Amino acid sequence: MSSSYYLKEFFGDLPKNIFSGFVVSLVALPLALGLAIASDAPPISGVIASIVGGVICSIFGGSKLTITGPGNGLVVVLLFSINTLGEGNLYQGYLFTLAAVVFSGVLMFLFGLFRLGALSEFFPSSALQGMLAAIGIGILAKQAHVMIGITEIKGSTIEVLSKIPDSFLFILLNPTRENLIPAFIGIVSFFILIFYSKLRNPLFHLIPAPMWVIIFAISLFYYLEVFVLSGSGLSADLLISLPDNLLANLPFPDFSIITTKRFLAAVISITLIASIESLLSIKAVDKLDPEKRRSNVNKDLKALGLATFISGLIGGLNVVTVIARSSVNVNNGGSNKSSNFFHAIFLIGFVLIFQNQIEKIALPALAAILVYTGYKLAAPDNFIRILRVGKEQAAIYLITLFITIYGGIMTGIGFGIVFTFVFHVIINKNFFIFSRNFFKPNVLMYLEQESGNYYISVENFCSFLNFYKLKRKIGEIPENQHAIIDFSLCDFVDHTVMEDLSDYQRTFNRKGGVFEIIGLDSHSADTQHPFAIRKSLPSNDFFNFQNNLTKRQVSLKQLASILNWRYSPENSFITSKLEAFTYFKTKTLNYQYNELSSLENSFKIVDVSYSEGAFIAKDNLLATFMVIDLKYSIPKFVLDRDFILSTFSEFSNYSEINLNRFPDFSKRFYLAGSNKSKIKNLFDSKLIFFFESHSYYRIESSGNEILIKGKSRVLSINEIKSLLSFSRELLNLLNNKYL
Amino acid sequence: MGFAFSPNLKANVYEAMRLSSSLGKSLFFLHVGAKSPEKQRVFKDILNGAPMGPSSIKTIWESGDPVKVITHQCKKNNIDLLLLGALQRENVLKFYLGSIARKLTRKAPCSVFLMIKPSIENVAANHMVVNAFKSTQTEVTIRAAFEYARSMNIPNITLVDEINQSEVDINVDDDFSLKKSTKRKEELNKEEGARLSKILSGVPKHLVSNKNIKSQNIFGTRGYSISHYAKIVRADILVINSVEKRLFFLSRIFPKDLDYILSELPTDVLIIKPSANV
């Protein structure tokens, strides 16, 4: 493909990316302001980081869909740095911290230059989760007070956390107008964020949740100003203040303490967290990419370093890759780096045009966004998920979490690593397996010349300590190939490895390859071998609730026996090729359960858990799907109710098809596909009448399979029955046509 | 055959007897240490108990530094192949293979055979793995391996060509570099395949016939890869090049390639010195 082809594609995709950049900027603005305020830095510093990040990383970065800007993981580090370096003087601390930001930019650039993108892989996954949870609690603790309008709480995370009930009590005991209005704004904002994903109204979802919060806060302010005589009642310290002349008053970092120890410590922890957050986000965004591209993390690190360096010089915070904003970008049809660039341009526009309106945003509204962010980081379901993997993982998680809260991030993650290793030694009852083999290579990979499969054998042990060796080998395999990983020579495989391997499995599946893990069967039987291995195997990944079936499950079972079908209620990995459908292109498939399938396998009804977006922009969804396996192939198409109601990116490869002979049908349904004439041939009057006369389903064909989706939730027994009869009739019609 | 009075002595001796009779060569036993009537008696008993043996057996008893004595005797008696019983895994305490076997593999004037699983019963070897990386010695090694395979009746032979990662010289960062590196590997595979078939065509026909010959290219650390591979395919014998002569003093330091194999022997290892014939 020539460069002119790429250029054409780039310009063709431009409108999509401009739109996506716009939606992202709606999320980015409140987050940038909020994260800066939470760090005790001037609000504009977050916006500067977003703008510089968007411009620099879209030009020099290596990944296509990521959005860059100030990150939530850094809030705690920056807050600590601003408060300690300034010794109480926040503005001075901010200037010192800017210098630290500049240095961390240089360090990150060097990380990228020396190809240390693998850095984040040396952290055991549970310890990392514990650290992130501690960061979440740190953010939540402080912002919970601001959310109800109390800004003067200071102290360590534990102290601040313990004062939350007092603050709520204070508002309840002193219900004055000045106290109630900020608390009202904060709490309503918080509820908007919580219930946003519960409301599945597509029109409502066109604007991201944080922007609804901002719209609510600003409109309430104007309502109070205009219609209520006594004004908004919000004091100045509960409103955002932006510098009067944005361009002229850029602060410059203060380099006067760069030789001190605490400055050095600040630089190191900022760099560490910025790198980890970025690398984790890049990895997560790659999983969402509909075009399944692989990001060049080292190139990204270089770009982020450069952006951070520049951002620090002109008064902005660190630039990192951020997951929530990136996932919003993916969901709104962003397809290349230009959306990151446009998000920055829109931010500049917002700040210049809406400066007055931005200054009307009440801090409690922003704090609500941060509390929600913090809660998502520290959410109990993360802990439960880890507990399911193994008790020792939960212990590592908790140890890291508490040490991080008490002793700071560097101490926390350090102890997390040490404890993980200690647990591994205890589980193996053997230190030598690690000491003897630590420096030795342990991975062999070759392309089997007879079968054309890639075969990887791992020996000795495989844990977070030497996982990078295995990763490097796996990285050399094109993901559309068949890879086999053999652990039969390996005595110990830890949780970090197992978790990541299942990610690889997913990536290979997405790209049409196969990724098999073999040689672990004997491990589970052997008591010497650890928990994590057995627990990490997919089939045992979830709690087994099936001891007593729910009412719906009992009815499903009955239905299965009436139809003489198979029924399995267990959670398991997705068994059908759902990735092949465009519906799941930007979604992550989690697991399936309640599988009901006909004996000859032509029908399969299954409840699927999948998610859209990531982190605070993440929606977890459960829905019932019918998959019909065809014995012949039909053209690929999507039949949906209406265009606006679907996500934009779903249809990127398809164009709309209007059937002129059936204007009523074309009015009611949206039909899209790539092969127009074949589809027109398929949709004859019988089929059209069938669709028009039945209740509405979303129907998609992948060629050999048909996916039918009813509502965006799990269907009831009766709905399943009507879905079944619908599917049978549809299959009959198709069979008549093709057989 | 160098021997010590270890629990494996009997099995080692039996293996040596079988090997030398199959190859049709005479056998020298060499014990480094004092000669005592007790030791002599034990050794005699073992020899007499053996079901088969070569036409001529000679036993030498000599005290001194093991490495020096063995290399000296090898030269003096014009030995072709030195057999050593070895431990599979190297350990600081079990210094036998650790230093003596290592030094011997480097200094011995002949080929060396390291046995890790000697057995009293005759266990037929089934699969031989031979190194085939690009080196001037490789051709000799492969030919010697085929001769050995014929004498010992080994039906399966796999030639493993280890290609250093540095030859690919592309870091995989993203899809583009992955494509490039995959393409480069395909090219290298072709080149190496051509080189190997050239070597194979040079091997006398009667050695190649009736053998099941496979080849496998591996991109990875030299020495390590073949050792790991031999473990996976459960090879019975691994045939490798000996150390190439180096001119510079610094490069006399034991090479890393062989190190990987010697520190954890995957199976019996035959190290071929180009000057010697098996």
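**Entry 1: A:Thr84**

I looked up A:Thr84 and found it partly exposed, because 16 other C-beta atoms lie within 10 Å. My note on the terms: a residue is buried with 20 or more other C-beta atoms within 10 Å of its own, exposed with 12 or fewer, and partly exposed in between, with C-beta atoms placed from the backbone. This is a predicted model, where local features need pLDDT of at least 70, side-chain atom pairs count only at pLDDT 80 or more, and totals for chains, interfaces and linings use all residues. Residues are numbered from 1 along each chain as its sequence is written, while chains are lettered from A and ligands numbered from 1 in the order in which they are written.

I then placed A:Thr84 in helix α3 (residues 73–85) of chain A. Helices (H or I, at least four residues) and strands (E, at least two) are DSSP runs, numbered from the N terminus.

**Entry 2: A:Lys667**

Next I found A:Lys667 in helix α25 (residues 663–668) of chain A. A:Lys667 counts as exposed because it has 10 C-beta neighbours inside 10 Å. A:Phe434 is 233 residues from A:Lys667 in sequence, and their C-alpha atoms are 67 Å apart in space.

**Entry 3: where chain A meets chain B**

Here I saw 19 residues of chain A in contact with 20 residues of chain B (C-beta atoms, placed from the backbone, within 7 Å). On the side of chain A that touches chain B, α11 (297–313), β3 (443–447) and β4 (454–462) each supply at least two residues. The most comes from β3(A), with 3 residues.

Terms used:
Contact = placed C-beta atoms within 7 Å.
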